[in-house]
Amino acid sequence: MSLLDLKLLRDLRALKSQALAVALVMACGLAMMIMTRSLIASLENTRDTYYRENRFAEIFARLKRAPNSVAAQLAAIPGVAAVQTGIALQVTLDLPGVIEPATGLVQSLPEQGELVLNRLHLRSGRILLGRESMGEILAGEAFAEANNLHPGDRIAAVLYGRRQNFRVAGIVLSPEFVFEAPPGAALPNNKTYGVFWMPYKELATASNLDGAFNNISLRLAPGASEAEVIAAVDQVLRPYGGRGAYGRESHPSHTRVRDEIKILQGLSIGFPLVFLSVAAFMTNAVMSRQITLQREQIAILKAFGFSNWEIGGHYLKFSLVIVVGGTVLGTVGGVALGHRLVEMYHLFFRFPALEFHLATSVVVMAIIVSMVAAIIGVVGAVRAAVRLPPAEAMRPEPPSSYRPALVERLGLGRAFTATFRMALRNIERRPARSLLTMGALALATGILVVPNAFRDGIGHVLDYQWDMIQRQTVFVALIEPGPARALADFRALPGVVLAEPVRGAAVELRAGNHFRRLTITGLPARAELYRVIDASDRQLTLPAQGLVLSAKLAEVLGVKPGEAISVRVLEGKRPQFTVPIVALAEDFAGTAAYMEIGALNRLLGEGDRVSGAYMSVSAGEWVNFLEAVKASPRAVSVVVKNRIREGFRETTAQSIGLLQQIYLTFATVVAFGIVYNSARISLSERQRELATLRVIGFTRGEVGAVLVGELAVLTLLAMPCGLVIGAGFARLILASVNTEFVRLPLILTPANYAFAVLVVAVASLVSALLACRRLDQLDLVGVLKARD
């Protein structure tokens, strides 16, 4: 082992606590990076393998009804490699022991053979084959687990007004429903919504679709143009009530998986960037001070013939040791956290197998990134070391220009103790060092704001979306839009206090090259149960003409109030019209478009019709109400508000909440590391001064007050800046993880700021106490030896 390596070991032992603090900060950033990047690779590989092995389709379409012979026309379209036609129906389910009615999407299985596309993966039980499986059904795993269903259990379903009993033959997965959520809903509700499969003949008979289909899936030939095939499919299906074909990128389940990957991509950049920047800053502070304290040693090394490269390499090795420690800790932490997140993903992403795999490329990337961060932090200090001439290095640092502090020059000195005035003088005499310390403390404060902004954003969405906007107890949808008098039937149900009509219409909104397919919701001009709210929390009155878009939808389409937008209806008479955008609504789940219900009915040209109703139901009559809805042959879907809220808590809120807890833990560790490092550096810089005070008679408490007072002043000055920095961090990171389906608003509460301030204050106090303990270990004689 070389002499410089022996010196490196001695330096590491002397600075082990500071090196560990920097390594922990670096490990926090690397753990987030390794966890998120490996999760991205695991999700993408699992998704792509599942899609390929189970032949997930690439184009999808719904329609009213088409004869089976039309399948040959679809297969003849240039670029189409495979066609799967079938029936898909919404049904109401009655589960034993469950009061609330559930809703299901039932899809048909081919009469012969297995599915050509979107093949099922059997979890338990058996696959249905042919007509011998009459009276049996396959259930999706998410719904089965939520309701404790197993093969052999029985459930009842209302198919087009007729109640039928089915036996569960098997539990399955489908690539088409990796994420199961009701149509048009941004959030899952596995307790009351599921996907099922049954033989074609039985489903066709029950729905009067024998010899016909209303649902298709297509797979493209290599090199085929998706846009051209979609246009051709729309042309073929238009006479049969086609609702517009769409590609895989617009498929609801695929979109949710893609958005989760997008969230992880944002987190894999934002959090590690913050932590590694802090680690680079701390490395620079430690190494700058170490080189300053070792001026004489550097001079001696140069005098004995060590080159600038050797000396520079010696100090770079110090930072590389920190990198190795940080990488090992970060890798272990990232793998452990990755396994924890994968367990959580099983709650709402249904793959045959989803396992966390540590990507070797990610570890290599982490090493490179951490090395770059360390080198950036240390390069300036190393450059100063190698440029220092031996003769200059043998001299001690020039003394500071001592003069009274600003408060003393203003005549306010008598208001402070002598030790506090010493602290103020030291801050003023070393402005660069004081600003750097304040910067570190500000970062420590700022990073603590971000995780609680996530928590407060989740809380705000829960209150805003399901209390301020949605005030109903339940929403009931009809099989088909009915006349306005259906509202009277809703109001006659047991316990209904208030019922308001809803009219939904599937449309394509287009503005230039941007378009989205969704459902326009027709509501009373000023509804009480489902309110349209703007960004200022004011209820909007829906005008007699014009469209109100959610702010996110307007952003996606690139439009604003006052502009016109093209609307193409995808059902009924399929009219096309242009309407003005009159206002923007605020919401945080999915995208939406609203019109006054009378205006929407006029544009549809189908008379005064309703698709369902929002209802407020008396708690005392809740069970009777549900029994009445279950018995209604016209009700196809029942959505209970509290169930949707619970679904949000169990999926999106839980995933974001877990990430918030991880980041909060890391942020607290980083904050303590920054503050402790700053206190130790301050102590090492002022050893000579503090030892002098002890020698001339100051007590340990008085000497400690000088050190603590300086740290306290810098902390108090840094905190306001840190809160501003934290707000900026929170804004940027939230913007990187928000999607069309779920968005978190930036909510900065006094409690959030108070928490950040409290943690930094406690960290400062603990760090100051630890630094003061080291005052007893000062070698007063050695420190006070003259160096000149």
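1. Residue D234 is located in helix 6, which covers residues 226–237. Helices here are DSSP runs of H or I with at least four residues, strands are DSSP runs of E with at least two, and both are numbered from the N terminus. The model is a predicted one, in which local features need pLDDT of at least 70 and side-chain atom pairs count only at pLDDT 80 or more, while totals for chains, interfaces and linings use all residues. Residues are numbered from 1 along each chain as its sequence is written, and side-chain values use heavy atoms, with hydrogens and water left out.

2. Is D234 buried or exposed? D234 counts as buried because its relative accessibility is 14%; buried means under 20% relative accessible area, exposed means over 50%, and partly exposed lies in between (1.4 Å probe, protein chains only). Not counting residues up to four places away in sequence, D234 touches G244, A245 and R517, where contact means heavy atoms within 4.5 Å. A polar atom of the D234 side chain lies 2.7 Å from the backbone nitrogen of A245.

3. The protein chain contains 25 helices and 20 strands. Its C-alpha trace spans about 100 × 60 × 50 Å along the principal axes. Of the 788 residues in the protein chain, 55% are buried. Among contacts between residues at least 6 apart in sequence, 82% join residues at least 24 apart.

4. The chain is divided into domain 1 (1–59 + 256–394), domain 2 (60–255), domain 3 (430–470 + 639–788) and domain 4 (496–617); these bounds come from an automatic or database domain assignment. Taken over C-alpha atoms, the centres of domain 1 and domain 4 are separated by 50 Å.

5. The largest nonpolar core has 151 residues, and those with the most contacts inside it are Y345, F454 and Y594. A nonpolar core is a set of buried Ala, Val, Leu, Ile, Met, Phe, Trp, Tyr and Cys residues joined through side-chain atoms within 4.5 Å. Helix 2 (residues 16–53) supplies the largest share of this core, 18 residues. Another core, of 26 residues, lies apart from it and has L93, A157, L159 and F196 among its members.

6. Which residues is F454 in contact with, leaving aside its neighbours within four places in sequence? The contacts of F454 are F271, I656, Q660, I733, L734, V737 and L744.

7. Helix 5 (residues 200–207) is largely enclosed by the rest of the structure, because six of its eight residues are buried. The buried residues in helix 5 are Y200, E202, L203, A204, A206 and S207. Helix 5 is followed by N208, whose phi is positive, near 60 degrees.

8. Four strands form an open sheet in the order 2-10-1-11, with antiparallel pairing; two strands pair if DSSP finds at least two bridges between them. The edge strands, strand 2 (80–86) and strand 11 (246–247), each pair on one side only. Six bridges link strand 2 to strand 10 (residues 212–220) in the antiparallel sense. T85 has I216 in strand 10 as its bridge partner.

9. Strand 20 (residues 635–640) has five of its six residues buried, so it is largely enclosed by the rest of the structure. Strand 12 (residues 474–483) and strand 20 run antiparallel and are joined by five bridges. Opposite L478 stands A635 in strand 20.

Conventions
A polar contact is a pair of N or O atoms within 3.5 Å; within protein, one must be able to donate a hydrogen and the other to accept it, and residues adjacent in sequence count only if both atoms are side-chain atoms.
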